[in-house]
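Hello,

Here is the structure for you to look at. My notes on what was found follow below it.

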Amino acid sequence: MSHFEDTNRYFREAAKIMDLSDREQTLLLTPNREVKVEVAVELESGELATFIGYRVQHNNARGPMKGGLRYHPTVDDDHAKSLASLMTWKTAVVKVPYGGAKGGINCDPSKLSHKDLEKITRKFTLEIHEVIGPQKDIPAPDVNTNAQVMAWIMSEYSKIHGFSPAVVTGKPLDLHGSQGREPATGQGLVYVLEEVLKDQNRSLKGTTVAIQGFGNVGSYTAKFLHEEGSKVLAVSDVNGAIRNPEGLDVPSLIAHMKEKRTVVGFSGAERMSPDELLTMDCDVLIPAALGGVLTRENAAEIRAKIVLEGANGPTTPEADQILNKRGVVVVPDILANAGGVTVSYFEWVQNIQRYEWDLEHINRELRRILKRAYARVCKEGKSRGVTLRTAAFIVAVGRVGTATVLRGL
Ligand code: NAD
């Protein structure tokens with residue numbers, strides 16, 4: 001089944017409970033616009049390279065579209081559509097005034113030089129500059145893209161449209177980025193987990209965790225959990241997985257990662273199989289890499305009591321059903337990892353106002369918004385007797401649907 005269809009299955013479950021007609025469902029599911037462009041460049045090596053760039057703009061009923069750009073060989077129409085629609089529902093769950101979009105380029109940045117990446121990014125921006133913009137669609141970092149990539153996009157876009165910092169978020173601090181944006185998704189995951197644990201009369205202190213992925217989301221999540229006294233038992237990246245049953249020394253691991261570009265080889269841990277990490281004994285499993293990693297095949301083996309979705313779409317619908325039946329609490333991506341888009345929203349607001357907020361203010365607002373979203377989703381879930389994921393979709397679809405009706409066709 002396609003990734004877009006997987007996401008839509010969650011939507012349909014909510015739509016059925018909400019009694020939406022087939023036509024209403026089609027209206028909300030169909031992307032507004034899908035852009036696919038050729039990105040042809042001459043690499044530093046002199047070689048000609050051609051990539052395909054994507055931008056799917058799913059829905060803008062509640063505001064301009066918003067979502068990340070991913071540089072990865074797996075990027076295609078289907079992934080972009082699935083991830084764009086998740087952004088529509090995510091921005092609605094946390095009630096930030098955006099719609100949803102997503103895109104990227106089907107390249108492997110590990111095989112490209114810094115100069116090549118810049119060239120590719122600028123070319124892609126030239127190809128899509130007419131459909132993005134501070135009031136149209138605002139890209140942000142995702143897998144294998146970062147503040148530098150956002151700076152190149154802003155620079156290229158500004159050459160054509162005039163100085164426009166608000167065209168992208170996740171920019172460097174020295175180029176109108178926001179305090180707290182880089183760690184925001186990890187910080188948000190920890191704020192949400194704190195609420196989930198509170199409901200179970202527990203706290204972050206002493207809670208044991210396994211994290212798949214040690215990039216932006218995984219490493220900041222580990223850092224904040226460690227600071228709160230949780231035990232990060234194992235982490236992985238694309239090169240392998242490591243564990244320490246006493247809890248990893250996360251600050252030293254981050255220093256190792258910065259130097260070696262991988263968690264593998266960290267002296268304070270032993271190697272383990274990456275698959276085993278997903279099924280190891282721990283309180284909380286945090287998938288924070290790619291989609292579709294919790295599947296029909298491994299869901300029955302997962303021993304964590306809470307799955308906190310740092311990645312987008314890490315759980316297939318079949319796995320979701322198995323986990324729900326087994327009583328595992330799955331905190332869905334559209335709620336759990338919404339800290340990133342929330343602080344992206346703060347960055348956009350600051351860019352538009354030409355005013356700067358401090359980190360304390362940002363974290364206070366981030367926590368308030370995520371607490372509010374979690375409480376709203378829990379209330380919906382309890383009153384309807386449904387999972388957190390279905391409840392989050394009901395809240396989101398209700399908000400997007402109402403905005404659509406109010407605006408009219
Ligand atoms: P990133 O590029 O910074 O890090 C990705 C990490 O995943 C790297 O450590 C990489 O080595 C690892 N990885 C890749 N393939 C793997 C595999 N097969 N097994 C184990 N690890 C693997 O990306 P990121 O920004 O941290 O994004 C991670 C996930 O979080 C994505 O699903 C993304 O959509 C989602 N997300 C990101 C943000 C954000 O603000 N960056 C916000 C919300 C959701």
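**Helix 8 and its surroundings**

The buried residues of helix 8 pack against helix 7 (216–227), strand 7 (231–237) and strand 8 (240–243). Helices (H or I, at least four residues) and strands (E, at least two) are DSSP runs, numbered from the N terminus. Packing rests on contact, meaning heavy atoms within 4.5 Å. Buried means under 20% relative accessible area, exposed over 50%, and partly exposed in between (1.4 Å probe, protein chains only).

This is a predicted model: local features need pLDDT of at least 70, side-chain atom pairs count only at pLDDT 80 or more, and totals for chains, interfaces and linings use all residues. Residues are numbered from 1 along each chain as its sequence is written, and side-chain values use heavy atoms, with hydrogens and water left out.

Back to helix 8, which spans residues 250–260. Which of its residues are buried? They are Val250, Leu253, Ile254, His256 and Met257. Seen down the axis, these buried residues fall within an arc of 160 degrees, so they line one face of helix 8. The arc is that of the directions from the helix axis to the C-beta atoms. The face turned away from the buried side of helix 8 carries the exposed residues Lys258 and Glu259. Arg261 follows helix 8, and its phi is positive, near 65 degrees.

**Helix 2**

Helix 2 covers residues 22–29, and its buried residues are Gln25, Leu28 and Leu29. They span an arc of only 95 degrees around the axis, which puts them on the same side of helix 2. As background, an α-helix has 3.6 residues a turn, so residues three or four places apart point the same way. The partners of the buried residues of helix 2 are helix 1 (3–17), strand 2 (48–59), helix 3 (77–93) and helix 14 (388–407).

**The chain as a whole**

The protein chain has 14 helices and 12 strands. Why does a radius of gyration of 20 Å agree with a compact globule? With 409 residues, such a globule would have a value near 22 Å, and the protein chain has 20 Å, which agrees. The radius is taken over C-alpha atoms, and the globule rule is 2.2 Å times the number of residues to the power 0.38. Along the principal axes, the C-alpha atoms fill a box of roughly 55 × 55 × 45 Å.

Of the 409 residues, 59% count as buried. Among contacts with a separation of 6 or more, 67% come from residues 24 or more positions apart. The accessible surface comes to about 17400 Å², and 49% of it belongs to carbon and sulfur atoms. Areas come from the Shrake-Rupley method with a 1.4 Å probe; for residues, only the protein chains shown count as cover.

There are 51 positive and 50 negative side chains, and the centres of the two sets lie 5 Å apart. Lys and Arg count as positive and Asp and Glu as negative; His and the chain ends are not counted. Each charge is placed at NZ of Lys, CZ of Arg, CG of Asp or CD of Glu.

**Individual buried residues**

The contact lists here leave out neighbours within four places in sequence.

- Ile211 sits in strand 6 (residues 208–212). Its relative accessible area is 0%, so Ile211 is buried. Ile211 touches, among others, Gly218, Leu225, Val232, Leu277 and Ile286. Ile211 and Arg367 are 156 residues apart along the chain, with their C-alpha atoms separated by 22 Å.
- Thr342 lies in helix 12 (residues 339–353). Thr342 is buried, at a relative accessible area of 0%. Its contacts are Val94, Val96, Leu366, Ile369 and Leu370.
- Leu335 is in helix 11 (residues 333–336). Leu335 counts as buried at 0% relative accessibility. Leu335 is in contact with Val93, Val192, Leu370, Ala373, Tyr374 and Val377.
- Leu86 belongs to helix 3. Leu86 is buried, with a relative accessible area of 4%. Leu86 touches Thr7, Asn312, Gly313, Asp333, Ile334 and Phe393. Leu86 and His58 are 28 residues apart in sequence and 9.0 Å apart in space, C-alpha to C-alpha.
- Ser178 is in the loop between helix 5 (147–161) and helix 6 (184–199). Ser178 counts as buried at 4% relative accessibility. Ser178 touches Leu173, Val343, Glu347, Gln350 and Ile362.

Best regards
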